[in-house]
Amino acid sequence: MAKHFFNEEDSHPVQLTSADIILRQQLEYSISKYFYNGCDRTIQDLLSECRWYVTTINGTLTLAIECRDEMINWQVLRKMVPMAKLLKQVVTSAKIRVYPPEAQGIPFEMRVDELGVYREHQEGA
């Protein structure tokens with residue numbers, strides 16, 4: 001017979017309440033503010049050229065960056081490692097998803113816990 005270590009009331013609810021949604025939005029807003037304030041001026045200027053926001057996608061906190069043209073997209077991709085380092089200081093399981101201009105390809109996604117792979121690649125280049 002299986003033992004249950006938790007009461008049923010300890011499990012997460014099947015449906016989010018409006019309070020849960022509001023709290024999640026406040027958390028996302030606070031993280032986005034902390035992230036932006038921690039960025040250097042170069043990254044802040046780059047973000048000002050994009051539509052960006054922090055959201056939760058499939059249960060994972062995600063920094064979404066929508067790029068308006070190919071040049072901005074390339075510049076954002078080149079700054080992903082420093083952005084991921086900063087985001088990882090707040091949320092160790094977050095992702096960054098960069099959306100290229102419309103009809104210009106698929107989004108590029110990086111988990112902040114993958115930083116070691118990117119640092120090794122940059123050091124070897």
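Contact, as the word is used here, means heavy atoms within 4.5 Å. The structure is a predicted model, in which local features need pLDDT of at least 70 and side-chain atom pairs count only at pLDDT 80 or more, while totals for chains, interfaces and linings use all residues. Residues are numbered from 1 along each chain as its sequence is written, and side-chain values use heavy atoms, with hydrogens and water left out.

Confidence is considered before the fold. The predictor's confidence in each residue is its pLDDT, on a scale from 0 to 100. The mean pLDDT of the protein is 85, and 82% of its residues reach 70 or more. Helices (H or I, at least four residues) and strands (E, at least two) are DSSP runs, numbered from the N terminus. Confidence is highest in helix α2 (residues 41–48), at a mean of 97, and lowest in helix α5 (residues 115–124), at 57. Where pLDDT is low, the predicted coordinates should not be read in detail.

The sheet comes next. Two strands pair if DSSP finds at least two bridges between them. Four strands form an open sheet of mixed pairing, in the order β1-β2-β3-β4. Its edge strands, β1 (51–57) and β4 (108–111), each pair on one side only. On average, neighbouring strands of this sheet are turned by 20 degrees against each other, direction ignored. For such angles, axes are lines fitted to C-alpha atoms, for helices over the stretch in contact, and the angles run from 0 to 180 degrees between N-to-C directions. Strands β1 and β2 run antiparallel and are joined by seven bridges; Thr56 has Leu61 in β2 as its bridge partner. Helix α3 (residues 70–78) packs on the sheet and touches β2, β3 and β4, its direction making about 165 degrees with that of β3.

Thr62 belongs to strand β2 (residues 60–66). Buried means under 20% relative accessible area, exposed over 50%, and partly exposed in between (1.4 Å probe, protein chains only). Thr62 counts as buried because its relative accessibility is 1%. Its side chain reaches the backbone oxygen of Thr60 at 3.0 Å. Neighbours within four places in sequence aside, Thr62 is in contact with Tyr53, Val54, Thr55, Ile57, Lys95 and Arg97. Arg97, in turn, is placed in strand β3 (residues 95–99). Not counting residues up to four places away in sequence, Arg97 touches Ile57, Thr62, Leu63, Ala64, Ile65, Pro107, Phe108 and Glu109. The C-alpha atoms of Arg97 and Met80 are separated by 9.5 Å, the two residues being 17 residues apart along the chain.

Rings of Phe, Tyr and Trp (its six-membered ring) pair if their centres lie within 6.5 Å; planes under 30 degrees apart count as stacked, over 60 as edge-to-face and the rest as tilted. A search of the whole structure finds two aromatic pairs. The ring centres of Phe35 and Trp52 are 6.0 Å apart and their planes stand at 65 degrees, so this pair is edge-to-face. Because Phe35 lies in helix α1 (residues 18–38) and Trp52 in strand β1, the pair ties together parts that are 17 residues apart in sequence. Phe35 is buried at 2% relative accessibility, whereas Trp52 is partly exposed at 21%. Tyr36 and Trp52 form a stacked pair, 5.8 Å centre to centre with 15 degrees between the planes. Tyr36 counts as partly exposed, at 27% relative accessibility. Together, Phe35, Tyr36 and Trp52 form one aromatic cluster.

Definitions and conventions: A polar contact is a pair of N or O atoms within 3.5 Å; within protein, one must be able to donate a hydrogen and the other to accept it, and residues adjacent in sequence count only if both atoms are side-chain atoms.
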